[in-house]
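Welcome to a short tour of a model. Open your viewer, keep the selection tool handy and follow along from stop to stop.

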Amino acid sequence: MNGRGPGRGPDGSMDIDSLAEIRLRIAASPHLRSPHSTPRIMWNVVGSLVPILAVGIYYFGPSALLVVAAATLGSVLTEVLFGPKGSTKDGSALITGLLLGLILPPGFPIWMAFVGGVFGVGFGKLIFGGLGQNVFNPALLGRAFLQAAFPAAITTWPLQPDNWWALRGDSFALPLMSPSAPDVVTGATPLGLMKFEGLTTDTMDLMMGSTAGSIGETAGLLILVCGGYLALRNYLDWRIPLSIFLTVFVFSGGLYLIGPDRFPSPLFMLFSGGLMLGAMYMATDMVTSPVTPAGSWIFGVGIGLLVVLIRVWGGLPEGVMYAILFMNAFVPFINRITQPRVFGQPRRKPRGAEA
Amino acid sequence: MRETTAHEDLIRGIWKENPVLVQLLGLCPALAVTNTVPNAIAMGLATFFVLTGSSLLVSLLKNWIPSEVRISAYILIIATFVTIADLVLAAVVPLIHKELGAFIALIVVNCMILGRQEAFASKRPVGRALLDAVGTGTGFMIAMLMMGTFREVLGSGSVMGYSLFGENFEPWIVMILPPGGFLTLGFILLAFGWWKERHSEAIRVRQWPHGVASGEEVA
């Protein structure tokens, strides 16, 4: 090296003619493009939710569709009205609405589902600055608000009526008004039966989805398949659901070994309630889950432990929602402590090197 | 300290430097006892009385209070008026007094009141101190009323106990619980900030942290 690049004059200055020959192409980063844009991922997730919604409608009739539609309308409308320009196209508000609808009871009044959608997107996402800025999963936040505001309506679980077309509750209750008592028989979810009456539900029913529960959470196997598709396409971090399932299985399995008559079996724990849907679709929300692989494991294990703790010893029959929201709050800290070492840097900072 | 006109002293606390909505002072009662309008009014009136009374007395006594013990002296004066308010409320509206509970006694440590003494009443003539106390007290009252109305309408479907939507109303339980206080305050602050931003970018930049930036207030 003589310190002179090509096209430099004797004094080292660039001369104009050779500069034109180099033909640099100037462009702003990123220079590597991936086909996986945000809208593409989001629409894939929406697509994978369609079968789950279809099965929900199959089991719970037209009122299930009404609830999901109202929640989706609420969240998309909020995004259109208050979101940044054009942000509706990325499909994230649609996902929030769909997911919120899927974790509501089938007989839920649609005006409440609408309020949940508005709250989820407005206070769960837009108030933090829109997609990518939110701390908590918007759909779960919407449901947490509904649970706090309308505790009675959100724990009313209709059983299968004879007529598929029958509404599963007072879906069309006027806004701000209480739903009237439903015409269909209501019952408890498998987790409620377990908690308050000590009854277990057949695991096969839990896997296929013919139990009482929220619209999209009952068909455990189908959710596994749909979530597995997203994991294969790398649209969700497989470590999170896997670590949740493993933790729940090991923790509740240990309890089951200690007292089979007192504690539910690990399979029951895995396939009951919202665990499948929560682990596959809510905990893996790209915005509110850790970015590092190690962090994902910590996150998943934390959720699994909390789910079993709340279900077994808590006052509520189901704890997936609060477990995920609780761990969401820790994500920034998890990200910080699991920062990978920069290549070439020492393993540990010398003591006192940093103030 | 910049000289202010009497008119400014009166008006400032009502809206531009509203203790709750702009300075975020006195949040403890604003969050805790605004679940119904009557509670909010009772708390607002009690605070208004305590603030006016102590501003008057502090301003009168400002030359006799040694600056080393001024905070304890202010607290003593405030506590005197709180005791009066406590006893009067217990005698006049025993039910509301019972609902407000410990929060009446806690007016003593309301930093909005102490802040006005330290920042204003102890340095200004009696008339100005009174005007300032009336303005700030009114601002506090307005904020309490806004929160109380919002929470009672959604949480119980009524205003001052009068039902708005009929018997079939589905109450939003969360709104009369403590989280409802935070949600409501956050929502009002959001609306407030949004309104300001939309109205004038210049106002937003210069005046939003006004009360804090001018170094007048006790945190």
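**First stop: a helix pair**

Select H6(A) and helix H14 (residues 320-337) of chain A: their axes come within 10 Å and cross at roughly 125°. Helices here are DSSP runs of H or I with at least four residues, numbered from the N terminus. Axes are lines fitted to C-alpha atoms over the stretch in contact, with angles from 0 to 180 degrees between N-to-C directions. H6(A) and H14(A) are therefore oblique to each other (under 35 degrees is roughly parallel, over 145 roughly antiparallel, 65 to 115 roughly perpendicular, and the rest oblique).

This is a predicted model, where local features need pLDDT of at least 70, side-chain atom pairs count only at pLDDT 80 or more, and totals for chains, interfaces and linings use all residues. Residues are numbered from 1 along each chain as its sequence is written, while chains are lettered from A and ligands numbered from 1 in the order in which they are written.

Now show the side chains: Leu140(A), Leu141(A), Arg143(A) and Ala144(A) of H6(A) meet Met321(A), Ile324(A) and Leu325(A) of H14(A). Contact means C-beta atoms, placed from the backbone, within 7 Å.

**Next stop: the two domains**

Colour domain 1 (36-176) and domain 2 (188-336) of chain A separately; the bounds come from an automatic or database domain assignment. Their centres, taken over C-alpha atoms, are 20 Å apart. Across the boundary, 34 residues of domain 1 of chain A are in contact with 31 residues of domain 2 of chain A. Finally, select H2(A), which gives the most to the domain 1 side, with 11 residues.

Notes
Two residues are in contact if their C-beta atoms, placed from the backbone, lie within 7 Å. Helices (H or I, at least four residues) and strands (E, at least two) are DSSP runs, numbered from the N terminus.
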